[in-house]
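Subject: The structure we talked about

Hi there,

Here is the structure I promised to pass on to you. Have a look around it first, and then read on for my notes.

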Amino acid sequence: MRLSSLYVAAMAVYQVCGLILPQPGSAKYEDLAAKDRYLRALHSRAVNPTLEQERANAVKDAFVFAWNGYFSTCKGQDELEPVTNTCNNPRNNWGASAVDALSTALVMEIQDIVTDILDYIPTIDFTTSATQVSLFETTIRYLAGMLSGYALLREEILTVTGSTPNIEALLTQSQSLAGSLSFAFDTPTGIPSNNIYLNNRTTDGETVNSLATIGSLVLEWQHLSDITGNATYGALAQKAESYLLNPEPTYNEPFPGLVGSEVNISNGVFLDATGGWNGGDDSFYEYLIKMYVYDSSRFSNYRDRWVLAADSTMKYLASHPSSRPDLTFLASYVNTTFVNASEHLTCFDGGNFLLGGSVLDRQDYIDFGLALVNGCHDTYTSTLTGIGPETFSWNTSGVDSSNQFFYEKNGFYITNPLYDLRPEVMESYYYAYRITGNTLYQDWAWDAFVAINATTRVGNGFSEVSDVNAVNGGSFGSLQESFLFAEVMKYSYLIHAPDAPFQVSNDYQNKWVFNTEAHPLIVAGPPV
Ligand SMILES: *[C@@H]1O[C@H](CO)[C@@H](O)[C@H](O)[C@H]1NC(C)=O
Ligand SMILES: *[C@@H]1O[C@H](CO)[C@@H](O)[C@H](O)[C@H]1NC(C)=O
Ligand SMILES: *[C@@H]1O[C@H](CO)[C@@H](O)[C@H](O)[C@H]1NC(C)=O
Ligand SMILES: *[C@@H]1O[C@H](CO)[C@@H](O)[C@H](O)[C@H]1NC(C)=O
Ligand SMILES: *[C@@H]1O[C@H](CO)[C@@H](O)[C@H](O)[C@H]1NC(C)=O
Ligand SMILES: *[C@@H]1O[C@H](CO)[C@@H](O)[C@H](O)[C@H]1NC(C)=O
Ligand SMILES: *[C@@H]1O[C@H](CO)[C@@H](O)[C@H](O)[C@H]1NC(C)=O
């Protein structure tokens with residue numbers, strides 16, 4: 001019998017008896033969590049190094065294929081458009097895919113790709129861009145990509161042979177980039193403007209910035225300070241973050257630790273109480289616990305805010321669809337009203353709870369993380385392609401004849417069927433495997449990878465597809481986001497790869513922490 005059907009049967013007993021679903025922390029919840037762990041352990045197969053190596057090699061092959069497609073046609077530009085074999089430049093036209101691919105090529109130990117990227121990076125001029133620059137996207141992709149490459153090479157994860165690689169250029173280029181971007185923080189509060197122009201050092205004039213774009217800079221900027229000794233970078237990001245850690249006004253923190261989405265750049269005040277773990281808010285919560293992993297001695301207040309948010313999330317946002325109460329998704333909120341809708345982007349949540357549970361030694365966070373991973377897994381297994389949709393809902397008011405059957409069966413219905421090579425489900429499988437050691441999650445990751453490879457591969461790369469619940473994914477779009485290289489390929493590979501210092505650890509020995517683009521950065525404080 002499949003694990004999920006056993007579990008559904010267990011949950012059905014609760015429903016039939018008219019019992020309300022047990023809440024985390026209650027004795028009944030503990031029983032169920034224990035039962036769930038037991039059922040998962042039953043499914044777990046024996047560790048199989050040969051199988052793991054085959055899978056890791058297959059992912060590597062796909063990475064090399066996509067790299068060759070990109071680099072042969074679009075070297076120096078941001079992305080390949082695989083359907084037309086043309087290039088596009090939505091990321092400042094600095095070669096985003098190359099910088100985003102570096103840390104993956106390093107952990108895969110692919111010498112020639114690493115060399116190509118190391119030769120390319122010193123040629124980028126980070127002082128100018130013809131297009132608008134996003135501080136957030138540029139930080140998580142370019143700055144983190146270079147800092148991660150620098151750390152991995154300095155730690156001799158891979159010793160590059162042949163011509164002497166210019167490792168130090170990664171650091172000088174990181175400083176050049178951060179120096180170009182730093183005027184964005186030059187506002188009355190120090191909260192940065194996100195959209196800036198480097199040529200004339202102006203902004204798009206926007207008077208607000210959002211939670212995730214303010215709150216997902218501090219890891220990269222602090223790390224740059226720590227390795228250069230120039231305290232300015234970290235101080236800028238920490239000043240901006242201070243408004244998020246001490247939110248005002250209190251009514252825009254509708255649940256302890258869970259805040260609104262938009263912040264006034266002029267006075268640091270939250271403008272709404274709308275939020276949750278969806279896109280726009282997501283990586284703010286992600287970075288709270290990651291800052292603690294980065295340095296537990298300096299960033300314990302970030303941990304405290306994460307714990308507050310995590311406890312409120314379990315208490316208030318955990319939501320079980322009426323048709324499938326065995327599943328757990330996270331609702332969002334508008335003030336204290338819940339919205340039963342979620343996103344592919346949100347599916348990093350399981351991995352983040354697992355990381356927090358592991359480093360804080362909290363089994364309840366781990367169990368809750370696994371429940372979220374399980375829900376996101378169902379968004380994949382419920383579709384024709386085996387890939388989950390961009391957005392979905394379990395709001396019963398939206399159920400009609402067009403989606404009723406799907407909702408009854410699967411516990412959600414699709415509100416946007418697109419897939420644009422997002423990594424979050426794979427990312428959470430990765431944490432689930434690294435923290436529990438259960439091979440079930442390796443199998444889930446492999447199934448997802450095979451589906452992504454079968455559905456999105458076209459021309460010399462991989463493409464966005466229009467409909468995950470249509471035969472062959474509907475039609476191809478033109479996007480091949482650089483996070484295919486940084487995230488999808490890396491998590492798909494590392495979940496099958498041998499243990500290594502940069503891998504997530506479950507024994508309080510995390511010497512590295514992954515930024516939100518999956519670039520591993522070496523921690524500054526004692527490992528947790
Ligand atoms: C530190 O970095 C800032 C931002 O790029 C720069 O303005 C400043 O000159 C640097 N300080 C030193 C001592 O290099
Ligand atoms: C700065 O440059 C951008 C793009 O080149 C342009 O759109 C914007 O209007 C300029 N701003 C000012 C104040 O000149
Ligand atoms: C943001 O704060 C400034 C300064 O206090 C104020 O003038 C402005 O109206 C505020 N903007 C919004 C949208 O509340
Ligand atoms: C949320 O609450 C604030 C004040 O408490 C109120 O002004 C606002 O209208 C509410 N927003 C919604 C969408 O209900
Ligand atoms: C469900 O959808 C209705 C109509 O769109 C909306 O008014 C309501 O707030 C939603 N409720 C939940 C819990 O999602
Ligand atoms: C939203 O989900 C909750 C279960 O967490 C359920 O009780 C509620 O009825 C749902 N609301 C709507 C409108 O679907
Ligand atoms: C990916 O697709 C290619 C082309 O169809 C195929 O040769 C390869 O075996 C596939 N890899 C996996 C892991 O399914």
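First, some ground rules. This is a predicted model, in which local features need pLDDT of at least 70 and side-chain atom pairs count only at pLDDT 80 or more, while totals for chains, interfaces and linings use all residues. Residues are numbered from 1 along each chain as its sequence is written, chains are lettered from A and ligands numbered from 1 in the order in which they are written, and side-chain values use heavy atoms, with hydrogens and water left out.

**The ligands**

Let's start with ligand 1. Which residues surround ligand 1? They are Gly 179, Asn 230, Thr 232 and Tyr 233 (a residue is near a molecule or strand if one of its heavy atoms lies within 4 Å of it). Asn 230 places a polar side-chain atom 2.4 Å from an oxygen atom of this ligand. On its own, ligand 1 has 360 Å² of accessible area, and the protein covers 39% of that (areas come from the Shrake-Rupley method with a 1.4 Å probe; for residues, only the protein chains shown count as cover). The shell of ligand 1 has one nonpolar, three polar and no charged residues. In this scheme Ala, Val, Leu, Ile, Met, Phe, Trp, Tyr, Cys and Pro are nonpolar, Asp, Glu, Lys and Arg are charged, and the others, Gly among them, are polar.

Next comes ligand 5, with Phe 338, Val 339, Asn 340, Asn 395 and Ser 397 around it. Asn 340 has a polar backbone atom 2.7 Å from an oxygen atom of ligand 5, and a polar side-chain atom of Asn 395 is 2.2 Å from an oxygen atom of the ligand. The protein covers 45% of the 360 Å² of accessible area that ligand 5 has on its own. Its shell divides into two nonpolar, three polar and no charged residues.

Ligand 6 is surrounded by Ser 319, His 320, Asn 340, Trp 394, Asn 395, Thr 396 and Ser 397. An N or O atom in the side chain of Ser 319 lies 2.7 Å from an oxygen atom of ligand 6. The backbone takes part too: an N or O atom of His 320 is 3.3 Å from a ligand oxygen, and a polar backbone atom of Thr 396 is 2.7 Å from one.

**Two loop residues**

Trp 394, from the shell of ligand 6, sits in the loop between β14 (391-393) and α15 (404-410). Helices (H or I, at least four residues) and strands (E, at least two) are DSSP runs, numbered from the N terminus. Is Trp 394 buried or exposed? At 2% relative accessibility, it counts as buried (buried means under 20% relative accessible area, exposed over 50%, partly exposed in between, with a 1.4 Å probe and protein chains only). Trp 394 and Ser 323 are 71 residues apart in sequence, with 8.7 Å between their C-alpha atoms.

Arg 324 is in the loop between β9 (318-319) and β10 (329-330). Arg 324 counts as buried because its relative accessibility is 13%. Its side chain makes a polar contact with the side chain of Asp 378, at 3.2 Å. A polar contact is a pair of N or O atoms within 3.5 Å; within protein, one must be able to donate a hydrogen and the other to accept it, and residues adjacent in sequence count only if both atoms are side-chain atoms.

**Sheets and a helix**

One open sheet has three strands in the order β8-β11-β12, with antiparallel pairing (two strands pair if DSSP finds at least two bridges between them). β8 (274-275) and β12 (337-339) are at the edges with a single partner strand each, so one side of each has no neighbour in the sheet. Strand β11 (residues 332-334) pairs with β12 over three bridges, and Ser 332 has Val 339 as its bridge partner.

Another open sheet of three strands runs β3-β4-β5, also antiparallel. In the β4 (residues 195-197) and β5 pair there are two bridges, and Tyr 197 stands opposite Thr 202.

Finally, helix α18 (residues 483-494) is mostly covered, with 12 of its 12 residues buried.

Enjoy exploring!
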